[in-house]
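Hi,

Here is the structure I promised to pass on to you.

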Amino acid sequence: MAAHADTAGHPAILDEVKPAVLPRAILVANNRSFSWITEKICGIIEGKTPVWWWWCFAVACFVASFTVAGLTYLVATGVGVWGHANPVNWAWDIVNFVFWIGIGHAGTLISAILCLLRQKWRTSINRAAEAMTIFAVVCAAIFPVFHVGRIWYAWFLFPIPNSNYIWQNFRSPLEWDVFAVSTYGTVSVLFWYIGLIPDLAVLRDRFEAAGNKLRSFLYGLFAMGWRGSNRHWSNYEMAYLILAGISTPLVLSVHTIVSFDFAVSLLPGWHTTIFPPYFVAGAIFSGFGMVLTLMLPLRAVYHLEDLITQYHIDCMCKITLATGTIVGYAYAMEFFIAWYSANPYEGFTFINRAFGPYAWAYWIMISCNVITPQFFWFKKVRNCTWFVWVLSIFVNVGMWFERFVIIVTSLARDFLPSSWGYYSPSIVEIFTFFGTFGVFSVLFLLFIRFLPIMPMAELKAVTPQADVHGGHGDPASGQETH
Amino acid sequence: MSNIFPKSANKLPLQIIVYLVVLSGILTAGATYYMTPKYTRVGYAPVQPVPYSHALHAGQLGIDCRYCHSNVETSGVANLPTAQTCMNCHNQVKKDSPLLAVVRHSFETGESVPWVKIHQTPDYVYFNHAIHVNRGVSCWECHGQINEMEVVAHDKPLSMGFCLDCHRDPAPHLRPRDQVTNLDWRPANATEARTQGDKFVHDWNIKPPQSCSGCHR
């Protein structure tokens with residue numbers, strides 16, 4: 001190529017092909033300054049607690065009390081207070097577990113994979129999405145832990161030497177799940193916390209300047225002496241990159257292993273090789289549904305339109321569309337394989353799903369998961385924020401029903417027709433699940449009140465002002481040629 | 001900007017890590033020692049309503065275990081003797097001893113002697129004395145040197161690990177059937193215990209269950 005290069009230093013061929021000028025999306029609109037970003041994000045924490053926050057918090061606490069009540073009753077009475085009975089011994093508990101674990105996946109995807117792929121639009125949503133991941137893992141963990149019944153024996157899940165000689169069955173995907181989920185929880189917390197450190201230091205300094213000793217002490221405690229020196233930043237970037245590397249396989253592995261809980265069994269409708277990719281796609285789908293559900297109201301309430309621009313919403317909608325379509329493809333492929341395998345049990349299971357006693361759940365799932373995301377093909381839909389929000393709710397509902405359909409329909413119609421049954425949840429189960437939305441909301445409300453909901457430093461790095469090579473294109477509009 | 005934290009706070013993370021490591025070490029060691037049946041169960045020797053001495057009856061007098069615990073070879077439960085069994089001798093021997101008042105009362109009224117249970121199998125564990133005794137597992141294996149105890153004490157941990165130790169490798173714990181209640185019998189040496197035990201395992205078709213449902217039925 002060197003022979004064709006002209007004196008200006010770029011290949012001569014470029015003059016002939018005239019490459020298109022691709023505008024780079026503006027990630028912080030209205031040419032906001034660095035100080036505006038700091039004031040905006042810190043202002044949320046430093047300002048007076050809004051009245052709506054107290055109302056939401058009160059309602060969330062009330063809803064969360066349903067989980068507390070349900071679990072207290074379960075521990076006091078026994079696991080029989082749930083509606084499980086032969087043949088359906090896994091039902092809402094595992095449905096809810098997979099549902100909540102799945103929601104967390106968007107956070108990990110945004111923090112890890114989008115970080116490695118340098119998708120800079122992640123900066124506006126990653127902090128809140130990571131918080132969502134952690135809180136979703138908390139909600140998810142409730143269900144398997146309490147499903148063991150006598151929760152004081154829950155430590156049997158871990159390979160701790162004991163005088164009972166109880167040792168875990170490492171050939172069981174349920175045991176893999178223990179490690180997958182606990183690793184996922186730990187790494188997510190670390191990732192979230194590392195990202196928070198520079199912002200906590202900012203808050204420490206601002207509260208110190210404002211004379212609030214207690215809060216500057218608390219933020220300072222967690223900022224661990226961050227001074228923003230070059231060396232700090234260098235270590236920070238490296239730690240962040242390493243954690244992104246560690247988290248990347250987790251995005252895929254956690255839900256893969258969750259899917260193994262089913263795929264490794266021999267039950268028709270569970271025993272399917274498509275499960276791992278299908279579950280991972282479903283998890284990211286539901287996770288982005290939840291990110292949209294949370295971020296759109298947050299954007300409206302705190303007027304964050306300059307930070308979460310239409311471009312961000314477009315990106316999230318497109319990921320939802322892509323993963324939702326993969327999920328739809330997986331549904332179709334399950335039916336195809338059921339027919340193509342010529343396995344009568346497999347065939348029966350899927351016919352039974354669509355037209356059997358749980359057909360209502362199946363068609364809710366199909367409408368929410370397959371049809372809903374297809375609306376995101378249209379720019380008009382993506383531009384209509386309230387409609388995107390409504391669709392995101394449908395995604396959440398649909399993904400809950402997906403797990404319900406997979407788990408319950410397969411169990412309710414197993415190999416022995418004499419043992420067939422119909423599962424309905426007990427009121428205790430309904431209370432417990434309903435309450436987890438309260439638990440989640442309490443945690444999330446505390447998060448938006450006390451921690452910076454967006455990474456200030458990273459946001460500043462993607463503003464047009466941060467582009468020191470402003471010579472390419474128009475720096476004010478943030479455009480440059482490629 | 002003034003300093004919020006003193007300079008010594010720089011050492012805090014390291015101090016916290018060291019503290020946590022030491023604390024978890026202490027907790028682990030403490031739990032291992034104080035919270036396992038080796039500590040919580042072994043040595044339990046409650047005061048019984050009758051100061052019955054196994055050392056005297058089974059040791060010095062040489063009464064066979066099965067004279068009193070008569071169902072042990074045929075029943076899952078090793079029975080405690082009724083007062084009638086005691087009175088077989090004690091209507092002649094020490095028949096007016098005040099120590100035996102409880103036994104005489106039981107004999108006359110039919111009310112049980114309120115013995116305090118020492119070896120307590122949990123409700124969720126199925127344990128059958130007969131099958132163990134009939135396959136050459138001595139009383140001594142689980143109850144220890146009863147024939148030397150003035151007051152019976154819990155001698156072995158009887159934890160699940162204790163059961164599994166034998167269920168995984170029963171051979172060294174087996175003895176000739178006629179020596180089962182002879183608590184002083186010992187194999188000549190470890191090699192002999194092994195060869196002899198292996199023979200018993202083979203001849204008596206001993207296959208101790210190791211699945212959960214073997215004991216947790």
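This is a predicted model: local features need pLDDT of at least 70, side-chain atom pairs count only at pLDDT 80 or more; totals for chains, interfaces and linings use all residues.

A:I274 counts as partly exposed because 15 other C-beta atoms lie within 10 Å, while a buried residue would need 20 or more and an exposed one 12 or fewer. Leaving out residues up to four places away in sequence, A:I274 touches A:A330, A:M333 and A:E334. A:A91 is 183 residues from A:I274 in sequence, and their C-alpha atoms are 22 Å apart in space.

Next, the contact between the chains: chain A brings nine residues to it and chain B brings 11. On the side of chain B that touches chain A, helix α9 (residues 160-168) gives the most, with three residues. That side of chain B is made up of seven nonpolar and four polar residues, with no charged ones.

A few backbone details may interest you too. Most peptide bonds are trans, and most residues other than glycine have a negative phi. The bond from A:N86 to A:P87, however, is cis, with omega near 0 degrees; A:P87 belongs to the loop between α3 (51-77) and α4 (92-116) of chain A.

Two asparagines have a positive phi: A:N30, near 60 degrees, and B:N205, near 55 degrees. A:N30 is in the chain A loop between α1 (13-17) and α2 (34-46), and it is exposed because it has 11 C-beta neighbours inside 10 Å. B:N205 is in the chain B loop between α10 (190-203) and α11 (212-215); with 8 C-beta neighbours inside 10 Å, B:N205 is exposed as well.

Best wishes

Methods: Residues are numbered from 1 along each chain as its sequence is written. Chains are lettered from A and ligands numbered from 1 in the order in which they are written. Two residues are in contact if their C-beta atoms, placed from the backbone, lie within 7 Å. Helices (H or I, at least four residues) and strands (E, at least two) are DSSP runs, numbered from the N terminus. Ala, Val, Leu, Ile, Met, Phe, Trp, Tyr, Cys and Pro count as nonpolar, Asp, Glu, Lys and Arg as charged, and the others, Gly among them, as polar.
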